[in-house]
Amino acid sequence: MDLLQGKQGLVFGVANERSYAWHISKSLIDHGADCAFGVLPGDKMRARARLAIENLKLREEWVHPCDCSNDEDLFRIFDAYARDHDRLDFLIHSIAYADKSWLQPGAFPGTPRNVFMQAMDISVYSLVTMAERARPMMKESGGGSILSMSYLGAERAIPGYNVMGVAKAALEASTRYLANDMGEDNIRVNSISGGPLKTLAAAAIKGFKSLLSHDARRSPLARNVTGSDVGGTAVYLVSDLGAGVTGETIHVDCGASMVGF
Ligand SMILES: NC(=O)c1ccc[n+]([C@@H]2O[C@H](COP(=O)([O-])OP(=O)(O)OC[C@H]3O[C@@H](n4cnc5c(N)ncnc54)[C@H](O)[C@@H]3O)[C@@H](O)[C@H]2O)c1
């Protein structure tokens, strides 16, 4: 299937082969897309991410360091991408961060100001500023698709998800505001609310294991979501099949979020 033949884009958030960003990239590549990558600097992180990207078996690898809380890094990566590519059809934002000491049941009211601001900066503001940097090249490419990753904690109080839930609510609202302002350039902005998946980021949430089993028990499909479930929805949203969809948050969680009890 070549739904994405000729489409090129930039993916942020591959830490290893468990990352949602890795599964999304795999699905996009399987459907014919070319992916370039922004990865968190630091020797250990970079080496792990590089290995995972190698396993995607790309014809050519394009990997640049980028700490999304740093404006210079962001300028540099979008400039470098524009130098080396002639189009930008999609941008995948699959990153989030909050100090794990505050991701414990009961800890939310005590969240310090700097922890709150850092979670909002890395997990939300980065989407807004990346979208603005992507805009000129996407416009030149005739439009584009921007996609971020959210979670049910944006809509419900999930014990231990705390400040990340607040950040995800802001991420979903930012998705709508970006979609509204960028539609005139045929740029679509959507978010996937993914079910729990065992990743590095998930390991920071106290009680994540019981969240996984609870979700599998209550979901109508009687299982946890897989990375390729989310990858498939990403393919749809990036491809022309999703041409009329913008400002949406789509749940890909085996139905767990819609059941009452
Ligand atoms: N795993 C889950 O259960 C789950 C469920 C729903 C949504 N999500 C969301 O999916 C996205 C990806 O998370 P994941 O679960 O794949 O975990 P992950 O740990 O594999 O990915 C998180 C990524 O964020 C990156 N990151 C953190 N701070 C950064 C910074 N300052 N600059 C650049 N990159 C930075 C990390 O390097 C990492 O690649 C996140 O937005 C997460 O909230 C995860």
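Two strands count as paired if DSSP finds at least two bridges between them. The model examined here is predicted.

**Exercise 1.** Determine the strand order of the open sheet and identify its edge strands.

*Solution.* Step 1: the open sheet has seven strands, and their order is 3-2-1-4-5-6-7. Step 2: the pairing is parallel. Step 3: strand 3 (63-65) and strand 7 (249-252) each pair on one side only, and they are the edge strands. Step 4: from one strand to the next, the twist averages 20 degrees.

**Exercise 2.** State how many bridges join strand 1 to strand 2, and describe how helix 2 is placed.

*Solution.* Step 1: strands of a sheet pair through backbone hydrogen bonds. Step 2: strand 1 (residues 8-12) and strand 2 (residues 34-39) run parallel and are joined by five bridges. Step 3: Phe-12 has Gly-38 in strand 2 as its bridge partner. Step 4: helix 2 (residues 43-54) lies across strand 2 and strand 3, and runs at about 170 degrees to strand 2.

**Exercise 3.** Describe the shell around the ligand by its residues, elements and classes.

*Solution.* Step 1: the ligand is surrounded by 27 residues, and the closest are Ser-19, Met-149, Thr-199, Leu-200 and Ala-201. Step 2: helix 1 (20-30) and helix 6 (200-203) are the elements that give two or more residues to this shell. Step 3: helix 6 provides the largest share, three residues. Step 4: sorted by class, the shell has 19 nonpolar, six polar and two charged residues.

Key: Residues numbered from 1 in each chain as written. Predicted model: local features only at pLDDT ≥ 70, side-chain atom pairs only at ≥ 80, totals over all residues. Near = placed C-beta within 6 Å. Helix = DSSP H or I, 4+ residues; strand = E, 2+ residues; numbered from the N terminus. Nonpolar A, V, L, I, M, F, W, Y, C, P; charged D, E, K, R; others polar. Axes fitted to C-alpha atoms, helices over the stretch in contact; angles between N-to-C directions. Contact = placed C-beta atoms within 7 Å.
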